[in-house]
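Please keep the sequence and the structure in view while reading.

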Amino acid sequence: MSQPHDASHPQLRVTDHDRDTVVEQVTTAYAEGRLSKDELDERLHLAMTARVHADLAPIVRDLNAGRPAPPPPMPSAWPGQPSSWPGHGYAAMPTGRERLGAAAAHILPICGLSFVGPLILLLTGGRHSPYIRRHAIESLNFHLTVLGATILLPLTVIGIVLVPIMWIVAFVLGLVGGAAALGDGRFAYPLTFRLIK
């Protein structure tokens with residue numbers, strides 16, 4: 001849980017997140033029986049009308065006395081590490097820019113950039129964002145697989161028929177991957193050789 005107020009900057013304007021943190025602490029104290037209903041109502045009113053951090057400090061001062069300080073926030077995590085965004089493997093929910101970058105890793109190949117599009121995203125945005133990196137690697141592996149299949153399948157009679165079908169499927173999956181990157185964040189291409197980790 002983050003600090004509800006900043007003692008070093010008491011006149012700094014509070015954010016909605018600051019107010020929500022105080023409200024959470026006050027309602028928890030009420031649920032534990034440490035505050036009466038009148039005290040709860042009074043403190044909630046003070047929290048919702050607070051303008052600066054100095055207004056928030058007295059609301060929870062007696063609730064936090066003697067309690068250990070909350071742990072520092074987790075650093076950015078790579079996929080697979082513990083996460084505060086449950087089930088996704090990232091330290092925090094991705095920003096709008098990260099979602100757009102991740103979606104571009106899926107959309108650029110179907111615009112004609114094949115594996116080059118996700119490779120560019122991997123080498124640029126993927127260096128700073130685990131979210132973009134994961135989607136760029138997934139898209140890159142898939143489109144390298146498609147490229148290899150495009151070269152090898154025509155060596156067989158049935159492969160000549162399968163290549164155009166594979167391209168159509170790749171187009172549709174690229175759209176689905178882009179939508180997933182903008183949405184809940186998880187997407188895995190089927191039948192993909194994952195050479196790049």
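Does F142 count as buried or exposed? In this predicted model, F142 counts as buried, because its relative accessibility is 6%, below the 20% cut-off.

**Aromatic cluster**

- F142, F187 and Y189 form one aromatic cluster, and the count of aromatic pairs comes to two.
- One of these pairs, F142 with Y189, is stacked, with 4.1 Å from centre to centre and 10° between the planes.
- This pair links distant parts of the chain, since F142 lies in helix 6 (residues 130–152) and Y189 in the segment after helix 7 (157–182), 47 residues apart.
- Y189, with a relative accessible area of 2%, is buried.
- F187 and Y189 make an edge-to-face pair, because their planes stand at 85°, which is over the 60 degrees required, while the ring centres are 4.8 Å apart.
- F187 is also buried, at a relative accessible area of 18%.

**Nonpolar cores**

- The largest nonpolar core has 12 residues in all, among them V14, V22, V26, L35, L40, A47, I59 and L63.
- Helix 1 (16–31), helix 2 (37–49) and helix 3 (53–64) are the elements that give two or more residues to this core, and the largest share, four residues, comes from helix 3.
- A second, separate core of nine residues includes V146, M166, A170 and Y189.
- I59, a member of the largest core, is in contact with V22, V26, R43, L46 and A47 once its neighbours within four places in sequence are left aside.
- As general background, nonpolar side chains in soluble globular proteins tend to be buried together.

**Packing of helix 2 and helix 3**

- Helix 2 and helix 3 pack at an angle of about 140°, and their axes are 8 Å apart.
- The crossing of helix 2 and helix 3 is left-handed.
- Where the two helices meet, R43, L46 and A47 come from helix 2, while L56, I59, D62 and L63 come from helix 3.
- The residues of this contact between helix 2 and helix 3 divide into five nonpolar and two charged, with no polar residue among them.
- A47, L56, I59 and L63 take part in this contact and also belong to the largest nonpolar core.

Conventions
Residues numbered from 1 in each chain as written. Predicted model: local features only at pLDDT ≥ 70, side-chain atom pairs only at ≥ 80, totals over all residues. Heavy atoms only, no water. Core = buried A, V, L, I, M, F, W, Y, C linked by side-chain atoms within 4.5 Å. Buried < 20%, exposed > 50% of the residue type's maximum accessible area, 1.4 Å probe, protein only. Contact = heavy atoms within 4.5 Å. Phe/Tyr/Trp six-rings, centres within 6.5 Å; stacked < 30°, edge-to-face > 60°. Axes fitted to C-alpha atoms, helices over the stretch in contact; angles between N-to-C directions. Left-handed = near helix turned anticlockwise from the far one by under 90°. Nonpolar A, V, L, I, M, F, W, Y, C, P; charged D, E, K, R; others polar.
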